[in-house]
Each structure stands twice: as structure tokens, then as C-alpha cells.
Amino acid sequence: NAPYIEELAKSEFGEELSRAALETLAAIAYKGPIARPDVEYVRGVNCSFTLRNLMMRGLKEREENPKDVRSYLYRVSMDFLKHLGLPNLEALPRYGEFRKEGIAGEEKPQ
């Protein structure tokens with residue numbers, strides 16, 4: 001059964017990203033490191049499934065949240081930057097403008 005499973009996995013990861021995945025990646029790229037509830041606040045919907053798929057594709061990474069050991073913070077991976085051909089996050093369009101805007105209930109970065 002291994003060949004069938006490999007083909008299924010390849011087809012799932014070879015497809016284009018959904019609109020939900022792109023929105024989630026944008027929130028992580030511009031606001032990261034960001035916790036799942038904050039991503040869901042930005043998008044307005046549950047993002048658990050989308051976050052799992054992005055992790056499996058290698059487009060985001062997670063790290064422990066120092067403020068809450070029960071959750072993680074998400075950031076885009078180097079593969080994400082390589083895929084877009086960017087040297088760093090600051091090369092994203094309007095990165096500085098969006099980075100300054102805080103999420104509701106969050107202190108704005110200085």
C-alpha cells in the first residue's frame with residue numbers, strides 16, 4: 001500500500017494553497033510570532049486545520065509561547081521566504097505599516 005499512500009501525500013502537498021491557507025500565512029508573516037487565537041481573531045474563523053496543513057508543508061514553524069506554556073507561537077519558515085524569493089520578512093509589501101498595527105487587546109510594539 002506504500003505507493004498509494006505516497007501518491008496521495010504528494011497530491012495533497014502538490015496542490016495550490018487555499019484562500020484560507022494564504023490568509024493564515026499572511027497573518028503569520030505580518031504579525032508573527034503569533035498565537036493561534038490571535039490568528040483566528042484576525043481571520044474570524046477557526047484555523048486549527050489550516051495551521052496543521054501549513055506545518056506539514058513546511059511553510060510555518062512553531063515555538064513555545066513564553067507567556068503561556070500550553071500554547072505555541074507561529075512564524076513563517078525559511079522555506080516560505082525561499083518560495084517567495086524574499087531575503088527576509090521586511091521585503092514583504094507594506095511590512096512596516098502592517099507590523100505597527102496591533103491586534104485587539106495587544107500592546108503595540110515600540
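Are Tyr30 and Tyr95 buried or exposed? I looked them up, and both Tyr30 and Tyr95 are buried. Buried means under 20% relative accessible area, exposed means over 50%, and partly exposed lies in between, with a 1.4 Å probe and protein chains only.

Notes on the source. The model is predicted, so I keep in mind that local features need pLDDT of at least 70 and side-chain atom pairs count only at pLDDT 80 or more, while totals for chains, interfaces and linings use all residues. Residues are numbered from 1 along each chain as its sequence is written, and side-chain values use heavy atoms, without hydrogens and water.

Entry: rings. I count two aromatic pairs. Rings of Phe, Tyr and Trp (its six-membered ring) pair if their centres lie within 6.5 Å; planes under 30 degrees apart are stacked, over 60 edge-to-face, and the rest tilted. Tyr30 and Tyr95 have ring centres 6.0 Å apart and planes at 35 degrees, so this pair is tilted. Tyr30 sits in helix 2 and Tyr95 in helix 6 (residues 95–100), 65 residues apart. Helices here are DSSP runs of H or I with at least four residues, strands are runs of E with at least two, and both are numbered from the N terminus.

Tyr30 also pairs with Phe98, edge-to-face, at 5.3 Å centre to centre and 70 degrees between the planes. That pair links distant parts of the chain, 68 residues apart. Tyr30 has 15% relative accessibility and counts as buried, whereas Phe98 is partly exposed at 29%. Ring pairs join Tyr30, Tyr95 and Phe98 into a cluster.

Entry: helix packing. I checked helix 2 (residues 19–31) against helix 4 (residues 48–57): their axes come within 10 Å and cross at roughly 80 degrees. Axes are lines fitted to C-alpha atoms, for helices over the stretch in contact, and angles run from 0 to 180 degrees between N-to-C directions. Helix 2 and helix 4 are therefore roughly perpendicular (65 to 115 degrees; under 35 is roughly parallel, over 145 roughly antiparallel, the rest oblique). Helix 2 brings Ala20, Ala21, Thr24, Leu25 and Ile28 to the contact, and helix 4 brings Thr50, Leu51 and Leu54. Contact means heavy atoms within 4.5 Å.

Entry: backbone. What is the peptide bond from Gly32 to Pro33? I find it cis, with omega near -5 degrees. Pro33 lies in the loop between helix 2 and strand 1 (34–35). Arg94 has a positive phi of about 55 degrees although it is not a glycine. I place Arg94 in the loop between helix 5 (78–84) and helix 6.
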